[in-house]
Amino acid sequence: MTVSSWVSEAAAEKLRQQAWDEYMATYQAEQGEFTEEELARPISVAYVSGKQQAS
């Protein structure tokens, strides 16, 4: 991977993360903050989904 490719990918990932953070902040401002239960649930679902996809 070239340095240029690496920098480009890093910049794109940073922009995706910023967009996600802004979306989540807006969502929580409108809907209320997430509970501990809600925060724990997606992690386990994503993990299981990822494992199922890999099979």
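**First stop: the aromatic cluster**

Select Trp20, Tyr23, Tyr27 and Phe34, which ring pairs link into a cluster. Rings of Phe, Tyr and Trp (its six-membered ring) pair if their centres lie within 6.5 Å; planes under 30 degrees apart count as stacked, over 60 as edge-to-face and the rest as tilted. The model is a predicted one, in which local features need pLDDT of at least 70 and side-chain atom pairs count only at pLDDT 80 or more, while totals for chains, interfaces and linings use all residues. Residues are numbered from 1 along each chain as its sequence is written, and side-chain values use heavy atoms, with hydrogens and water left out.

Across the whole structure, a search finds three aromatic pairs. In one of them, Trp20 and Tyr23, the ring centres are 5.7 Å apart and the planes lie at 35°, so this pair is tilted. Trp20 and Tyr23 are three residues apart in helix 1, and are therefore separated by about one helical turn. Colour the two residues by accessibility: Trp20 is partly exposed at 48% relative accessible area, and Tyr23 is partly exposed at 48%. (Buried means under 20% relative accessible area, exposed over 50%, and partly exposed in between, with a 1.4 Å probe and protein chains only.)

**Second stop: the helices**

How many helices and strands does the chain have? The chain has two helices and zero strands. Helices (H or I, at least four residues) and strands (E, at least two) are DSSP runs, numbered from the N terminus.

Next select Gly32, which follows just after helix 1 and takes a positive phi of about 100°.

Two salt bridges are found in a search of the whole structure. The term denotes a side-chain nitrogen of Lys or Arg within 4 Å of a carboxyl oxygen of Asp or Glu.

Begin with Glu13 and Arg16, whose side chains meet at 2.9 Å, N to O. Both residues lie in helix 1 (residues 3-31), three residues apart, about one turn of the helix. Glu13 is partly exposed at 39% relative accessible area, and Arg16 is partly exposed at 49%.

Then move to Glu37 and Arg41, where the closest N and O atoms of the salt bridge are 3.5 Å apart. These two residues are four residues apart in helix 2 (residues 36-54), so about one helical turn separates them. Glu37 is exposed at 58% relative accessible area, whereas Arg41 is partly exposed at 44%.

**Last stop: the surface**

Buried residues make up 2% of the 55 residues in the chain. To finish, select Val7, which lies in helix 1 and is partly exposed at 43% relative accessible area.
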